[in-house]
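Thanks for coming. Please have a look at the structure on the screen before I start.

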Amino acid sequence: MKVLVPVKRVIDYNVKARVKADGSGVDLANVKMSMNPFDEIAVEEAIRLKEKGAVEEIVVVSIGVKQAQETLRTALAMGADRAILVVAADDVHTDIEPLAVAKILAKVVEEEAPKMVILGKQAIDNDMNATGQMLAALLGWGQATFASEVVVEGEAAKVTREVDGGLQTIEVKLPAIVTTDLRLNEPRYASLPNIMKAKKKPLEEKTADDYGVDVTPRLSVVKTEEPQGRSAGIKVGSVDELVAKLKEAGVV
Amino acid sequence: MAVLLIAETHGADLATDATAKALSAAKAMGEVTVLVAGQGIDGAADAAAKLDGVAKVLKADDAAYAHGLAEPLADLVVSLASGYSHIVAPATASAKNVMPRVAALLDVMVISDVSAVVDADTFERPIYAGNAMQTVKSSDATKVVTVRTSTFDAAGEGGSASVETAAGAGDKGLSAWVEDKVAESDRPELTSAKIVVSGGRGVGSEADFKIIEALADKLGAAVGASRAAVDSGFAPNDWQVGQTGKVVAPELYIAAGISGAIQHLAGMKDSKIIVAINKDEEAPIFQVADYGLVADLFDAVPELTEKL
Ligand SMILES: Cc1cc2nc3c(=O)[nH]c(=O)nc-3n(C[C@H](O)[C@H](O)[C@H](O)COP(=O)(O)OP(=O)(O)OC[C@H]3O[C@@H](n4cnc5c(N)ncnc54)[C@H](O)[C@@H]3O)c2cc1C
Ligand SMILES: Cc1cc2nc3c(=O)[nH]c(=O)nc-3n(C[C@H](O)[C@H](O)[C@H](O)COP(=O)(O)OP(=O)(O)OC[C@H]3O[C@@H](n4cnc5c(N)ncnc54)[C@H](O)[C@@H]3O)c2cc1C
C-alpha cells in the first residue's frame, strides 16, 4: 500500500519563539526552522511499515513556503520515496490554517489514493492539534489519533492511542488517518549518503491554485503578546526552610 | 447566542471538573445546552443538569458513544449543531480527537485550547508552547472551540435544567473499540489536583519514582512527570505534563529532578506556587520557581515527606 505523510516546516524546537514588536505574530525571520518533531515520527513510522513489508511507497507532502523543500528533502533522506511541495504562501509569516491544509491534503489524497495518511498530532508552532482529524472528516475516513503503536492487519490497522487516563486501543478500517504521539518511535537521523541520494529523488512542485482550494483564513489575528512572565523567587537553604515557606504561603 | 457544550465523561460518569470549567467559559458565549453522550449515562446527565447555568441537557444514550470513538460522536454533534452559534468542549484528549472533525464537517475552523474568551467571536490562546499568547477573531458562522480547563474556575452546582433525549446519528463502523488500559488510582486527577508533585529524568528509575509518589500521597497530591521520565519508562504516559502532555495549574507544583525545558514549563508555569528541587543550581527551572532548593532529590524529597 501507499502511505502519504504531510510534513510541516516549523521553528526548531530548541529555539525560543519571540513575539514581533507589532504584535502581528511570532518573528520567524532568520530563525532556525526544522521539520515538526511529530512529523519526523510520522515519517519514521511510514519507513518502519515499509521495512516490515506492509508499505510499498511513501509520499511526503508539505504545504507552505518554497523553503519547505528543505523539510521534504530531509524526509526523503530519512527514507521517503517521493515528495510534493504545495506552495501556498511567499512569506514565512503567512501560515495556512489546518482547515485549508486539510482541504489541499484531501485533493492530494484524491490523486495519490494512499491507504493511510500519517500526520503529526500537533505542530509545535500553533499547537492546534487539528489537521489530521479535519482531513479524516473531509475524506469520510476513520481516524486513529495520538498513536503510540500502529499494527497493520490486512484491511485494518490496530492502533494504541495515548489518552487522558492511559492508553486506548482501537481498530480502524483502511483507508484511515493516523496521527503520531511522542512515544510511537524514535526517528532516525539521515546518513550523509542518504542525504546525497535524496537530492535525486523526485520532488514535484504545485500551488494551492492547482487544487482550487481557497486558503483565506477564517481566523484573524487581533494581537500577539508575550505571556506574563514569572520571575524567579528565592532559593531556600534547607528542607526546614522550605517547609516553613510553604506553611507561610498556606499551601500545605 | 446559543452554546452546545459537549460534556466530558469517564465511562458512564460525568467528568465534573473538566465539564464545569468548560461551562464557565461557555457561559461567556451564550445560553448553554449540555450534550452528554455515552452508554448508560442517566446519572451523568442528571449531574450535568445540576451544574449552575445550564439551560438544558441533551442525553444521547447509545452503545456507539460508549468509548468516545470520534466518527460517530462527531456525526452526532453535527446532527445537533444547527441553531447553535458555538460548540464548546474542554480541551481533553477525547475532545481534541472529536472537535476538529466536527469543525471540518461544518466547514469551519476549530479554535483549540482557548485560555480566555474576549467576546463571542474573539478568543485568546497560547501558541509556541506558551511562548506567545495570540488573540484571534473568528469569521465562521459556527465557532468550534476547545477550552484550556486550567485557566477557568469550575462552575458550581445549583442548577436544575431539564434533561431531554437526543436521537443518535448512527455508526458507520469506520473504527471499533478494542480495549482501554486505564490505571486505577486513588490519587486526585492530574488536571484538577490542588497539589502536583512531578519527577523528571533526575529520579533515575521507575523504582525510585516511589519517593515522588510517597511525597504526593503525603500531600494528597497528583503525580506528574516530565517527558524524559515518561520516555525512560519511569512513569506512565498519562502523567506527562507539558506542551504535548497535560496542562496543570495547581496551587502548588513541586518539580524534582526536572531541568525546566520550555516544553515542560508550557504545562505548569501557571501554577500558583512552584517549588523546584534540583542539584544543578543553574537549572532553568529555578527561573520560574518561587522556592528553589539546590539539593540531591534523594535526600531532600524523603526529608520533605517526613517533615510535612
Ligand atoms: C491570521 C492568521 C495569522 C497567522 N499567523 C501565523 C504566523 O505568523 N505564524 C505561524 O506559524 N502561524 C500562523 N497562523 C496559524 C496557522 O494559520 C495555522 O493555525 C497553523 O499553520 C496550523 O496549525 P498547526 O500547524 O498547529 O496544525 P496541527 O493541526 O497542529 O498540525 C498537525 C499536523 O498536520 C500536518 N500539517 C499541518 N500543517 C501542514 C502543512 N502546512 N504542510 C504539511 N503538513 C501539515 C503535519 O503532519 C502536522 O504535524 C496564523 C493563523 C491566522 C489565522
Ligand atoms: C516536540 C516535543 C515535545 C515535548 N513535549 C514535552 C512535554 O510535554 N513535557 C515535557 O516535560 N517535556 C517535553 N519535551 C521534552 C523537553 O524538551 C525535555 O527534554 C524534557 O522536559 C526534559 O525532562 P527532564 O527535565 O526530566 O530531564 P533533563 O533535562 O535531563 O533534566 C534532569 C534534571 O534532573 C536534575 N537531577 C539529576 N539528578 C538529580 C538528583 N539526584 N537530585 C536533584 N536533581 C537531579 C539535573 O540537574 C537536571 O536538571 C518535548 C520535546 C519535544 C521535542
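First, the ground rules. This is a predicted model, where local features need pLDDT of at least 70 and side-chain atom pairs count only at pLDDT 80 or more, while totals for chains, interfaces and linings use all residues. Residues are numbered from 1 along each chain as its sequence is written, chains are lettered from A and ligands numbered from 1 in the order in which they are written, and side-chain values use heavy atoms, with hydrogens and water left out.

Now the interface. The size of an interface is often given as the accessible area lost when the parts come together. Here, chain B and chain A bury about 6800 Å² between them, and carbon and sulfur atoms give 55% of that; buried area is the accessible area (1.4 Å probe) that two parts lose on being put together, summed over both. On the chain B side, M109(B), Y128(B) and Y291(B) supply 11% of the area buried against chain A, more than any other three residues. As for contacts, meaning heavy atoms within 4.5 Å, 84 residues of chain B touch 80 residues of chain A.

How many salt bridges are there between chain B and chain A? The count is six, where a salt bridge is a side-chain nitrogen of Lys or Arg within 4 Å of a carboxyl oxygen of Asp or Glu. D240(A) and K307(B) form a salt bridge, at 3.1 Å from N to O. K235(A) of chain A lies over the face of F286(B), 4.6 Å from the ring centre; the rule asks for NZ of Lys or CZ of Arg within 6 Å of the ring centre and within 35 degrees of the ring normal.

Over all chains the count of salt bridges is 33. In one of them, K206(A) meets E111(A) at 3.7 Å, N to O. K206(A) lies in strand β11 and E111(A) in helix α3 of chain A, so the pair ties together parts that are 95 residues apart in sequence. Helices (H or I, at least four residues) and strands (E, at least two) are DSSP runs, numbered from the N terminus.

In chain B, K143(B) and D121(B) form a salt bridge, with the closest N and O atoms 3.3 Å apart. K143(B) is in strand β11, D121(B) is in the loop between β8 and β9, and the two are 22 residues apart. Is K143(B) buried or exposed? K143(B) is buried at 8% relative accessibility, whereas D121(B) is partly exposed at 24%. Buried means under 20% relative accessible area, exposed over 50%, and partly exposed in between (1.4 Å probe, protein chains only).

Next, the rings. The whole structure has one aromatic pair over all chains. The partners are F209(B) and W239(B), tilted, with 6.0 Å centre to centre and 35° between the planes. Rings of Phe, Tyr and Trp (its six-membered ring) pair if their centres lie within 6.5 Å; planes under 30 degrees apart count as stacked, over 60 as edge-to-face and the rest as tilted. F209(B) is buried at 0% relative accessible area, and W239(B) is buried at 17%.

Last, two residues of chain B. E8(B) sits in the loop between β1 and β2 and is buried at 8%. Beyond four places in sequence, its contacts include D164(A), D13(B) and P90(B). S85(B) is in the loop between α3 and β6, and its contacts, again beyond four places, include M1(B) and K143(B).
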